Amino acid sequence: MADAQYRSGDSRRAFLRKVGVSGGAGAMFATMGALGLAPSAQAAQREEPFRGLRAGDFSVSGRGAAKVVVVGGGIAGLTTAYELGKAGYDCTVLEARGRTGGRNFTVRGGDSTTDLYGNKQTARFSDGQYMNCGPARIAQWMVTLDYCRELGVPIEVFTNVNADAYLYNESAGMTKPVRYRTAKADVYGYVSELLAKATDKGALDKELTSDDQEKLVDFLKDWGALGDKLTYEGGERRGYTTVPAAAGTPGALLGDVPSASEVFASGVGRYFSFEFGFDQAMLMFQPVGGMDQIPKALTKAVGAHRIRTGAVVKKISDTGRGVSVTYAQDGRTRVVEADYCVAALPPNILAKVPHNLGSGVQSALEAITPSSAAKIGLEYRSRWWELDHGIYGGITETDQDVTHIWHPSHGFHGERGVVVGYYNYGDDADSYAKLTPKAREARAVAAGVKIYGEKYRSELATSFSHHWRQTPHLEAAWHDTPGGPDDPRYKPLNEPTGRVYFAGDWLSYTDAWQHGAFTSARKAVTALHTRVLSS
Ligand code: PHE
């Protein structure tokens, strides 16, 4: 699960981390093992049990595939239609926006958006340049990669952590950025020194045998690059002002090793645990050419004729024998009748749609609250971060309201590139949203100039900003689900209510990840198919 402080953007704000307690998985595997269905140990680490539907499923039961209306053409909705389609279900997907993908949205030159404040932007990115406004990184254990493989979407490494990217904490008095590698050397060095010295003075005599203490100190010497006297004195890990090269150029070490007190006061250590997160550890991946290659491939696989875009859902009624979904499209009101419905809209949007599914559904939807996040893509005329700073991908962490600055993980040594000038959350994202796109750019650039210098301004070609809380039909980057997705109050969403099923990352232990949308859709599809087979 996510590192709470990274996700909230900085430690100033409290972020209530959802604790994922994965309950019945072990029992499920045991049962599957007894049935001879357990995947290999290796596969078990990668995927939750899911058996894809097959057309042949119906030949044994003698029943036929049902008609399903899928509300929402994001990852959960598309996956629902895709998986049900494998067994011949007749699916219709209703998508309010002009494109499928939901929060999986990649912006390229020519794309336009209008936010809820009325700001209209048309991206002016040059050919081949893009920004993933929503999901942008995929961990190796995520089902998302299985869909990339199955759908033929090529992937490449996404650089989530880079020793040469910067850390910048202005509020701690830093006047220039420090490289990750330097900050790590110093923090690990001094922590190791202090612990080694404390151990040496007997502080751990109650906790560890002398043998274990010796091993601990050995580890700390290595971990912190300590000298014989157990002191940290800097060294090559911090980096060089002149790098080692040919004979005669041994390299010049970065000078001015700060004191332990200075290092702790700078607060740089707070960024290191991010990469320990189960969901954020390297290696990570991205689709080649933009994250929307995933919904594009899903859309193609589902069949464009099954998907209605610009279709805004107005009412969901369970009629007892079927489901009737009313929607508006091109100024006209239409209805889709189906045997079942899978509602795959964000809960905050679903909560505004009239339905007859009962107050349990409504109060569950309303308990789940939307969160803000935003990004600005800054396209530069040159890749000055590679040329002048030697930074090839990765993320610079700041205590500024821009929070994270992302360097592109592809197109190295190309002419241009798009830097994500802010990826921020909560109040930071909302306060940028209130500005005009031009003003957002100016504020983001001013923060970047402090870290990278004038080229952050002078090389800028164009920008595009995207704020999820202010995006029509979505109005959230992700959600807060009090108590976690298995809290009893969400039962009417986790189990079908009448003929309506629910799916989305917000009903998973990995909200804010496509993995959650994929797995939630698989769960709904499995339940629906099981019911159809036995009804
Ligand atoms: N998946 C999103 C991201 O990687 C949001 C998120 C951030 C989720 C941090 C969990 C932890 O940026």
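This is a predicted model: local features need pLDDT of at least 70, side-chain atom pairs count only at pLDDT 80 or more; totals for chains, interfaces and linings use all residues.
Biologist: How many cavities of 30 Å³ or more does the structure hold, and what is the volume of the largest cavity?

Modeller: The structure holds four cavities of 30 Å³ or more. The largest cavity has a volume of about 160 Å³. Among the 14 residues that line the largest cavity, Trp406, Pro408, His410, Val418 and Val420 are the closest to its centre.

Biologist: Which elements give two or more residues to that lining?

Modeller: They are strand S6 (130–132), strand S22 (404–407) and strand S23 (417–425). The largest share, three residues, comes from S6. By class, the lining has eight nonpolar, five polar and one charged residues.

Biologist: What makes S7 and S8 edge strands of their sheet?

Modeller: The sheet is open, its three strands stand in the order S7-S13-S8, and the pairing is antiparallel. Strand S7 (138–139) and strand S8 (155–158) each have a single partner strand, so one side of each is left without a neighbour in the sheet.

Biologist: Which residues of helix H10 are called buried, and what do they pack against?

Modeller: Buried means under 20% relative accessible area. In H10 (residues 293–302), the buried residues are Ile294, Pro295, Ala297, Leu298, Thr299 and Val302. These buried residues pack against helix H5 (75–86), S7, helix H6 (143–151), S13, strand S14 (307–308) and helix H18 (514–534). H10 is followed by Gly303, whose phi is positive, near 105°.

Biologist: How many disulfides does a search of the whole structure find, and why is Cys91 in none?

Modeller: The search finds zero disulfides. A disulfide requires two cysteine sulfur atoms within 2.5 Å. The sulfur of Cys91 is 11 Å from the closest cysteine sulfur, in Cys341, and is therefore too far for a bond. Cys133 is likewise in no disulfide, the nearest cysteine sulfur, that of Cys148, being 18 Å away.

Biologist: Why are Cys91 and Cys133 called buried?

Modeller: The cut-off for a buried residue is under 20% relative accessible area. Cys91 has 2% relative accessibility, so Cys91 counts as buried. Cys133 has a relative accessible area of 2%, so Cys133 is buried as well.

Notes:
Residues are numbered from 1 along each chain as its sequence is written. Side-chain values use heavy atoms; hydrogens and water are left out. On a 1 Å grid over the protein atoms alone, a cavity is a set of points where a 1.4 Å probe fits but cannot get out, and a pocket is an open set with protein on both sides within 12 Å along at least five of seven lines; lining residues have an atom within 4 Å of a point. Grid points are joined across faces, edges and corners, and a volume is the space filled by probe spheres set on the points. Helices (H or I, at least four residues) and strands (E, at least two) are DSSP runs, numbered from the N terminus. Ala, Val, Leu, Ile, Met, Phe, Trp, Tyr, Cys and Pro count as nonpolar, Asp, Glu, Lys and Arg as charged, and the others, Gly among them, as polar. Two strands pair if DSSP finds at least two bridges between them. Buried means under 20% relative accessible area, exposed over 50%, partly exposed in between (1.4 Å probe, protein chains only). Contact means heavy atoms within 4.5 Å.
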